[in-house]
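Let's walk through this model together, beginning with the overall fold and then stopping at a loop and a helix pair.

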Amino acid sequence: LVEDLLSIEKLESGRIALDLDMIETDKLAQSVLESLAIQASNAGVILSNETTPLQVVCDSSRIMQVLTNFVSNAIKHSPPGGTVTVFCSRLPQAISFNVVDQGKGLSTKDASRVFDKFFQAEAASGANKAGCGLELAVAAMLIKQHGGEVGVRTALGEGCDFWFTLPVEENE
């Protein structure tokens, strides 16, 4: 909680400097999925990396933090036997990362607030509601600091697709 609050304060004041470097999307996603393999196994959830091997300039530790948060949340809200899939794609001026789960999804009201500080959506049956509602807010701020966008596509009963983009130059 304290670390998340300090991160938000630093992000809001512009005091977090990004350590930019070229990363490979497939390797970054694989590293995140490997770090969460035990959590997924304990929840009976299958992790799938369908990430296209692309390159993008970003702060790899911060993007790993965002992707880890999205995948960890997807695991928590997926039913046993469900799959959490990570994929990315090249858009005209960005790389898009997506984390798709087979959970209960979010209401329109909850989806509109899910990146707000201290907001927690109604707990899906069996979902672990531990937390303070800051991790998605931190994730959104980190992506915005990279010049990207963040969002969720969802509907009740249809799971969630949490996504973020990172800008790329035309010649990348």
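This is a predicted model: local features need pLDDT of at least 70, side-chain atom pairs count only at pLDDT 80 or more; totals for chains, interfaces and linings use all residues.

**From the fold to a loop and a helix pair**

The protein has six helices and seven strands, where helices (H or I, at least four residues) and strands (E, at least two) are DSSP runs numbered from the N terminus. Residues are numbered from 1 along each chain as its sequence is written, and side-chain values use heavy atoms, with hydrogens and water left out.

Of the 172 residues, 45% are buried; buried means under 20% relative accessible area, exposed over 50%, and partly exposed in between (1.4 Å probe, protein chains only). The protein exposes about 8,900 Å², of which carbon and sulfur atoms supply 51%, by the Shrake-Rupley method with a 1.4 Å probe. Among contacts (heavy atoms within 4.5 Å) with a separation of 6 or more, 71% link residues 24 or more positions apart.

Now turn to the loop between β2 (46–49) and β3 (55–58), where T51 lies. T51 has a relative accessible area of 10%, so it counts as buried. Beyond its neighbours within four places in sequence, T51 is in contact with T25, D26, A29, V86, F87 and C88. Its side chain makes a polar contact of 2.4 Å with the side chain of N49; such a contact is a pair of N or O atoms within 3.5 Å, and within protein one must be able to donate a hydrogen and the other to accept it, with residues adjacent in sequence counting only if both atoms are side-chain atoms. A polar atom of the T51 side chain also lies 3.5 Å from the backbone oxygen of V86.

P53 is in the loop between β2 and β3 too, but P53 is exposed because its relative accessibility is 58%. Leaving aside neighbours within four places in sequence, P53 is in contact with T25 and D26. P53 and C88 are 35 residues apart in sequence, and their C-alpha atoms are 8.5 Å apart.

Finally, look at helices α4 (residues 60–76) and α6 (residues 135–145), whose axes come within 9 Å and cross at roughly 145°. Axes here are lines fitted to C-alpha atoms, for helices over the stretch in contact, with angles running from 0 to 180 degrees between N-to-C directions. On the α4 side, the residues in contact include I63, V66 and F70, and they meet α6 residues including L136, L142 and I143.
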